[in-house]
Amino acid sequence: MRRRTSLLLAGVLVVASGCGLQSGSPMVDAVKPGSIGQGEPLEGADLTVTSKEFTEQLILGAIMGIAFQAAGADVLDRTGIQGSIGAREAVKNGDADGMYEYTGTAWITYQGNSEPIPDPKKQWEAVRDADLKNGLTWLPPSSLNNTYALAMNQANFKKYGTKTLSDVAALSKKDPGAVTLCVESEFANRADGLPGMEKAYGMSVPAKNITQMDTGIIYTQVKKGSCTYGEVFTTDGRIKSMNLVVMQDDKKFFPNYNVAPEINTKALKKWPAIAEVLDPVTRKLNNNVAQTLNARVDVDGEDPHQVALDWMKQEGFVKSG
C-alpha cells in the first residue's frame, strides 16, 4: 500500500542521496490569521514542511504549510517525497520540521510491531511514546483514518443489503457465488489484508471469486458491478464520486491509520506555538473531508495546494492576506 510499505527502498535512497530534500520552494500564499494564528506566534520562524507523494499527503502537507504561514512563519515546501520512509527521515533528521503521518504506518512499518492496537487513541499514544526517543513528537490525532475497507456499488447494495463485514461473511456462507472480490495483489497476501480479514470474520471466499488488479481499476470495476466488493482506501475521493457504499469493519480488524502531525522535537521546543496552530485544523480532518478534497484532485484534476488553500479559507482557519 502506498503509505504502508511500498517504495520503502526508494525512500531510503532519497534519504541517502539527499535527492528531494535539497529541492523545495517557498510557500507564498497571501494568507493572514483567521481562527488560527492570531498574534502570529510563529513570526520569525523558518519552517519546512514535507509529505509523501500521493494526493492525500500533498494536500495535508499544503494544509500544514498554510497554517504555519498564517501564524507568521516563512515556510519551505518540500512535499512530495517518494516512499514512506523518505519524508519521515526528513523530519527525524531535521531536514524538515513537520508532516502529517499515519499512526498505523509508524506503529507497524517504522516501529516494527506486527499487531495493531484496535483503539485509535491507544494506538496514537503507543506511537507517540515510542517515537519520543527518535526525536519526533506526535501531536493529537484526527479522526481521518485512511485504512482498508470493502465497498460495493448502489445496485449491489440494494440487491444484497450488506452494511458490515459480518454481513458479507454471512452472505458468503448463504450464497457463495454472490461474494466476488476485486483486490490488489498486496492486499490479497498481507496478514492485515484479505487472509486476516477472512480469518477474523470466519469467511472463506473461493479463489475463483477473487480477481487481483491495480488499485485504480478496482474502483471502476466495482462501480460497473464486475465484482460485488472491491478493496478501497477509506479516504479515497472515488468512493464519494462513484457513490460507493463502504462496509463497516464491525470487528475492528483493520489497523487504524489516523493522521496526526509528526513534528521534529527540537523544532517544537523552539516554536511551541506549532501545537496550538495545528490542533484546531487537525481536529477538523475526517474521512468525509478527505474524500471530498482527494476527489477534487483525483477526479476533477485540481491542484492539491489550491484545494488545501480553498479548504483552509472555507473553514475560516485563514483569511486572504
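Q: What counts as a helix here?
A: A helix is a DSSP run of H or I at least four residues long, with numbering from the N terminus. The model itself is predicted.

Q: Stepping back, how many helices and strands are in the protein chain?
A: The protein chain has 15 helices and 13 strands. Its radius of gyration is 20 Å, close to the 20 Å given by the globule rule for 321 residues, so the chain is as compact as a globular protein of that length.

Q: What box do the C-alpha atoms fill?
A: Along the principal axes, the C-alpha atoms of the protein chain fill roughly 65 × 40 × 35 Å.

Q: How much of the chain is buried, and what is the accessible surface?
A: Of the 321 residues, 56% are buried. The accessible surface of the protein chain comes to about 13,300 Å², and carbon and sulfur atoms account for 51% of that area.

Q: What share of the contacts comes from residues 24 or more positions apart?
A: Such pairs account for 81% of the contacts with a separation of 6 or more in the protein chain.

Q: What about the positive and negative side chains?
A: There are 34 positive and 37 negative side chains, and the centres of the two sets lie 6 Å apart.

Q: What does the side chain of E231 reach?
A: The side chain of E231 reaches the backbone nitrogen of E184 at 2.7 Å. Beyond its neighbours within four places in sequence, E231 is in contact with residues including Y148, A149, C182, F187 and I218.

Q: I218 sits in α10, then; which residues of that helix are buried?
A: In helix α10 (residues 215-224), the buried residues are T215, I218, Y219, Q221 and V222. Their cover includes β7 (148-152), β8 (181-183), β10 and α11.

Q: And just after α10?
A: G225 takes a positive phi of about 90° there.

Q: Which residue other than glycine has a positive phi near 60°?
A: That residue is N243, located in the loop between α11 (237-241) and β11 (245-246). N243 is partly exposed, with a relative accessible area of 46%. K252 also has a positive phi, near 50°, and is found in the loop between β11 and β12 (259-264). At 57% relative accessibility, K252 counts as exposed.

Q: Changing topic: where is N294 found, and what does it touch?
A: N294 is in helix α14 (residues 287-298) and counts as buried at 5% relative accessibility. Leaving out residues up to four places away in sequence, N294 touches T55, E56, I59, T235, D236, G237 and V299.

Q: And F317, buried or exposed?
A: F317 is buried, with a relative accessible area of 6%. Its place is in the loop between α15 (304-314) and β13 (318-320).

Q: How far is F317 from P33?
A: The C-alpha atoms of F317 and P33 are separated by 7.0 Å, although the two residues are 284 apart along the chain. F317 touches P33, and its other contacts include G34, I36, P280, V281 and W311.

Q: Last one: what does H305 touch?
A: H305, found in helix α15, touches M27, D29, A62, I66 and D77, not counting residues up to four places away in sequence. The C-alpha atoms of H305 and I36 are separated by 19 Å, the two residues being 269 apart along the chain.

Methods
Residues are numbered from 1 along each chain as its sequence is written. This is a predicted model: local features need pLDDT of at least 70, side-chain atom pairs count only at pLDDT 80 or more; totals for chains, interfaces and linings use all residues. Side-chain values use heavy atoms; hydrogens and water are left out. Helices (H or I, at least four residues) and strands (E, at least two) are DSSP runs, numbered from the N terminus. The radius of gyration is taken over C-alpha atoms; the globule rule is 2.2 Å times the number of residues to the power 0.38. Buried means under 20% relative accessible area, exposed over 50%, partly exposed in between (1.4 Å probe, protein chains only). Contact means heavy atoms within 4.5 Å. Accessible areas come from the Shrake-Rupley method with a 1.4 Å probe; for residues, only the protein chains shown count as cover. Lys and Arg count as positive and Asp and Glu as negative; His and the chain ends are not counted. The place of a charge is taken as NZ of Lys, CZ of Arg, CG of Asp or CD of Glu. A polar contact is a pair of N or O atoms within 3.5 Å; within protein, one must be able to donate a hydrogen and the other to accept it, and residues adjacent in sequence count only if both atoms are side-chain atoms.
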